[in-house]
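User: Could we go through the backbone of this model together?

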Amino acid sequence: MRNKIWKLVVCLSFVVTLTGCKQSMGTEQVKDDLIEQSKAEEKDTNVNITENNVEKADEEESYMSSKLNALKEVNYSFQDVSVHDPSVIEVDGTYYVFGSHLAGAKSEDLINWELLSSGVNNTNTIIPDAPDELEEALTWAQTDTLWAPDVIQLADGRFYMYYCACRGDAPISALGIAVADQVEGPYEDLGIILKSGMEADTSSENGDTYDSTTHPNAVDPCVFFDKESRLWMVYGSYSGGIYILELNPETGFPLEKGYGKKLLGGNHLRIEGPYIMYSEETDYYYMFLSYGGLDATGGYNIRISRSKNPDGPYYDAAGNDMTLCKGPGGSFFDDTAAAQYGTKILGNMHFNYIEGETGKLRNGYVSPGHNSAIYDDKTNRYFLIFHTRFENRGEGHQVRVHQMYLNEDGWFVVSPYRYVGESIGSYTEKDVAGPYKFINQMQDISSMMKKSTEIWLNADHTISGQVTGTWELKKDNQIEITIKGESYKGIVTKQWDEYGKKNVMVFTALSEKGISILGSGIYALPENDK
């Protein structure tokens, strides 16, 4: 039989929960007081716990445990892969990602990945003899490796890889095209289409003197068709900002000379990895960007803006014109200036362990970023594909896939947990009400980990705990959460808590000011309630 003091603590916790005292769900001070009281009573031999009380405490302890943990652990198997800066393309039901250092992988379910090849070397199957095949680009960029590519299929049925090489400590870069009959390769070089980082005696692509504060770094391409079948390439990293260039849809080469049109940036803001996806559902073009530094201390995070036109102007959720996003003159890596623009939808985050849960050691996401995105018209699902590092795991990184959802204002919100095949459903207020781990992702660019606190979505539509407010369930799975007068709109659904080995209710929502919040249910759903 377990310790009598613990039984009383569990009993009290159960009673406090049922009577609505949910503000922190901790009751730590009350527990301490009860323990001290119990010790004193036992010392004075004045405590007399009957068998009925013991049995009741046993039942309550069992009840609390079953709420925190699944009766049977819920597990999924994964085959993970390391592809930095993954860019996705779907071909005949198989998803492929291509990334930096000529890495590639494929998956049929976005859960189990198979590495195709990696490394700019003579054995890489994607571009065989890559050092020789891409010698011109590597020589110009003064490097022996490649950065983030993008692959698209054009009207001739062939696959066009837009590759890039960069010296790294300067925007001396080359961006070119290689082509293959099969998506997995082998790709053959068609030549360089853009260069950057010229010396003063060599004209830039615009015909003027290259200026790294205003001209782009020719890396990180994303190539896409607009709704009128025009072909575009958005690209850029740090330096002079993010640019967009129209391409010939037949050949894949630029229609005109020059760097194209600037969308945002300048004066070396740490913004890179642009990716644009059109949604027929909203008739918007969504531009994803990665802010900050990509390493474990760099504060990498994913942001979004949208436009009715592929070449802008783009606006974030707060209504900010992204063309105004640039560093002050003479500045360098001014994250404070950059952070004012772009709607942050995913950054450093950690859902805390709750005493009694499975999975005490939890490694949150660190510097998630350089994403791509894709819509599956067969299942009506949007996916965000990115790489991330993890707490306590250094610079090691893996590909992660999360579902995205459109809120009622037509903005994407990102699910808190990785995709395991889940589908969104229709829910009742009873399904949604309960305790949650709550994260405010804020708007900063920093290495600070956003750790969860605890809140309760009460049955009377109030919110108590570390934040207070109200909540409302709309249209089966749409939710509106109001905190300090600020409205957050998003969705509720069911997901798998990887560390807790349980299925839980979750929410993800976005405010009109562009602040993203995430919630992970604390109580386990029934084992087969997925």
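Analyst: The place of Pro186 is the loop between strand 7 (173-180) and strand 8 (188-196); helices (H or I, at least four residues) and strands (E, at least two) are DSSP runs numbered from the N terminus. This is a predicted model, in which local features need pLDDT of at least 70, side-chain atom pairs count only at pLDDT 80 or more, and totals for chains, interfaces and linings use all residues. Residues are numbered from 1 along each chain as its sequence is written, and side-chain values use heavy atoms, leaving out hydrogens and water.

User: Is the bond from Gly185 to Pro186 cis or trans?

Analyst: The bond is cis, with omega near 5°. A cis peptide bond also joins Gly312 and Pro313, with omega about 5°. Pro313 lies in the loop between strand 15 (301-307) and helix 6 (335-338).

User: Which phi does Asn392 have?

Analyst: Asn392 has a positive phi of about 65° although it is not a glycine. Most residues other than glycine have a negative phi. Asn392 sits in the loop between strand 19 (381-390) and strand 20 (397-406).

User: And is Asn392 buried or exposed?

Analyst: Asn392 is exposed, at 74% relative accessible area. Buried means under 20% relative accessible area, exposed over 50%, and partly exposed in between (1.4 Å probe, protein chains only).

User: Changing topic, what does Val414 touch?

Analyst: Leaving aside neighbours within four places in sequence, Val414 is in contact (heavy atoms within 4.5 Å) with residues including Ile345, His402 and Leu518. Val414 belongs to strand 21 (residues 412-414) and is buried, at 1% relative accessibility.
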